[in-house]
Amino acid sequence: EEAARQLSPSCRAHLVAVHPRSILRTARAALRPDAPLSIARHDHPAVRARVAELVHENRPDAVHAEQLQALAACTSAFAAGVAVVLRCQNVESDLWQGFARHARSGALAALEARRLARFEARALRRATAAIALTAEDAERLHALSDGIEIATIPAPFPARLAPGMSVEGRPALATLGSSGWRPNEDGVAWLLREVWPAVRAALPEAVLHVYGEGDAGGAAGVVQHAAPTDSREAFPADAVCVVPLRYGSGVRMRILEAWARGVPVVATPEAVHGLDVRDGRELLVAATPEALVAALRRLQREPALAEALAHAGRVRLAARHDPDAIAARLEDVYADAARRA
């Protein structure tokens with residue numbers, strides 16, 4: 001009910017209470033050749049049924065499927081000849097391929113990546129229109145689908161939001177440690193295991209604040225916070241947002257939010273995938289523990305740099321991620337898909 005209330009100014013929400021399938025049920029469903037594990041886990045009959053009711057009652061011009069896992073719920077739209085627009089937040093098969101490179105169960109993850117690549121190709125060919133968040137992802141999806149046209153529309157984000165309360169540390173570092181998304185789990189584990197000891201050795205007063213589910217391991221100078229109810233808590237004023245991904249796809253929304261909240265960003269090259277940014281202009285890029293330490297030291301030596309980075313990030317948000325401009329582009333895609341359905 002609370003989620004529906006918050007969404008009410010912009011849409012009429014029809015929320016369906018479901019739980020992710022158990023591992024056993026997911027494994028059984030994934031025995032089918034057309035159902036990779038990550039797709040089968042989010043395929044819920046109750047959601048399919050509710051979408052079918054809404055399609056029958058409203059006969060919409062188009063149905064928007066947000067991410068690959070949502071496409072299964074659109075069966076009724078396909079059957080009714082309604083346009084289905086698939087927006088891919090990332091390339092799912094590439095995420096699993098990255099997981100395979102860094103996981104102990106690499107062979108199983110690589111198998112899932114191959115199954116997902118085949119599923120993505122079929123999904124893209126089935127959808128009336130497809131959207132990627134970055135040009136890099138659009139090119140990759142274009143290749144996966146044997147030449148299907150993929151529109152590139154960046155993620156919308158407001159250019160100015162307030163930061164959270166200041167936290168301890170000189171410098172104070174903030175990172176998101178939420179579990180459930182493997183690139184994030186891997187990145188935080190790498191940050192704690194390989195990067196943080198080097199940071200503490202070089203900057204003994206530094207404090208790392210980890211927000212979200214997970215276990216920071218009790219390392220010296222690390223503070224674990226509960227998952228925030230207000231996202232501004234994870235972007236404290238006077239802190240540095242650290243984004244330590246080692247693989248990924250799509251766009252890191254936390255970088256966009258850090259810019260909007262005026263918080264400088266230090267990120268790995270993989271984390272800035274698709275953002276079309278320059279090291280030293282909108283953020284600092286650090287590929288190794290040594291480079292990350294150097295970036296933090298630079299921010300301490302050059303107090304005006306943090307403000308300059310945040311300002312350039314906000315300029316980037318206004319130019320490329322303006323919500324009104326992106327809404328207009330999405331409406332054009334919906335209208336074109338409806339004409340072609």
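Guide: What follows is a conversation about the sheet, the helix contacts, an aromatic pair and some backbone details. Please keep in mind that this is a predicted model.

Visitor: Let us begin with the sheet. In what order do the strands of the open sheet lie?

Guide: The open sheet has 6 strands, and their order is S7-S6-S5-S8-S9-S10, with parallel pairing. Strand S7 (222–225) and strand S10 (284–285) are the edge strands, as each of them pairs on one side only.

Visitor: Over how many bridges do strands S5 and S8 pair?

Guide: Strand S5 (residues 172–176) and strand S8 (residues 239–243) are joined over 3 bridges, in the parallel sense. As an example, Leu173 has Val240 in S8 as its bridge partner.

Visitor: Which strands does helix H10 touch?

Guide: Helix H10 packs on the sheet and touches S5, S8 and strand S9 (265–267). The direction of H10 makes about 160 degrees with that of S9. Helix H11 (residues 289–301) also packs on the sheet, where it touches S5, S8, S9 and S10. The direction of H11 makes about 165 degrees with that of S9.

Visitor: I would now like to read a contact between two helices. At what angle do the axes of H10 and H12 cross?

Guide: The axes of helix H10 (residues 253–260) and helix H12 (residues 303–320) cross at roughly 115 degrees and come within 8 Å. Angles of 65 to 115 degrees count as roughly perpendicular, so H10 is roughly perpendicular to H12. The crossing of the two helices is left-handed.

Visitor: Which residues of H10 and H12 make the contact?

Guide: From H10 come Leu256, Trp259 and Ala260, while H12 supplies Ala310, Gly313, Arg314, Arg316 and Leu317. Sorted by class, this contact of H10 with H12 has 5 nonpolar, 1 polar and 2 charged residues.

Visitor: How are H6 and H7 directed relative to each other, parallel or antiparallel?

Guide: Helix H6 and helix H7 (residues 106–126) pack at an angle of about 170 degrees, and their axes are 8 Å apart. Angles over 145 degrees count as roughly antiparallel, and H6 and H7 are therefore roughly antiparallel to each other. On the H6 side, the contact is made by Glu92, Ser93, Trp96, Gln97, Phe99 and Ala100. Among the contact residues of H7 are Ala109, Ala113, Leu116 and Glu120. By class, the contact of H6 with H7 has 8 nonpolar, 3 polar and 3 charged residues.

Visitor: How is a pair of aromatic rings described?

Guide: One gives the distance of the centres and the angle of the planes. This structure holds 1 aromatic pair. The rings of Trp96 and Phe99 have centres 5.7 Å apart and planes at 85 degrees, so the pair is edge-to-face. Both residues lie in helix H6 (residues 92–102), 3 residues apart, which is about one turn of the helix.

Visitor: Let us end with the backbone. Is the peptide bond from Arg170 to Pro171 cis or trans?

Guide: The bond from Arg170 to Pro171 is cis, with omega near 0 degrees. Pro171 is found in the loop between strand S4 (151–152) and S5.

Visitor: Which loop holds Arg59, and what is the phi of Arg59?

Guide: Arg59 is in the loop between helix H4 (45–58) and strand S1 (62–66). Although Arg59 is not a glycine, its phi is positive, at about 40 degrees. Asp146, in the loop between helix H8 (135–144) and S4, is not a glycine and has a positive phi of about 60 degrees.

Key. Residues numbered from 1 in each chain as written. Predicted model: local features only at pLDDT ≥ 70, side-chain atom pairs only at ≥ 80, totals over all residues. Heavy atoms only, no water. Axes fitted to C-alpha atoms, helices over the stretch in contact; angles between N-to-C directions. Helix = DSSP H or I, 4+ residues; strand = E, 2+ residues; numbered from the N terminus. Parallel < 35°, antiparallel > 145°, perpendicular 65-115°, else oblique. Left-handed = near helix turned anticlockwise from the far one by under 90°. Contact = heavy atoms within 4.5 Å. Nonpolar A, V, L, I, M, F, W, Y, C, P; charged D, E, K, R; others polar. Pairing = 2+ DSSP bridges. Phe/Tyr/Trp six-rings, centres within 6.5 Å; stacked < 30°, edge-to-face > 60°.
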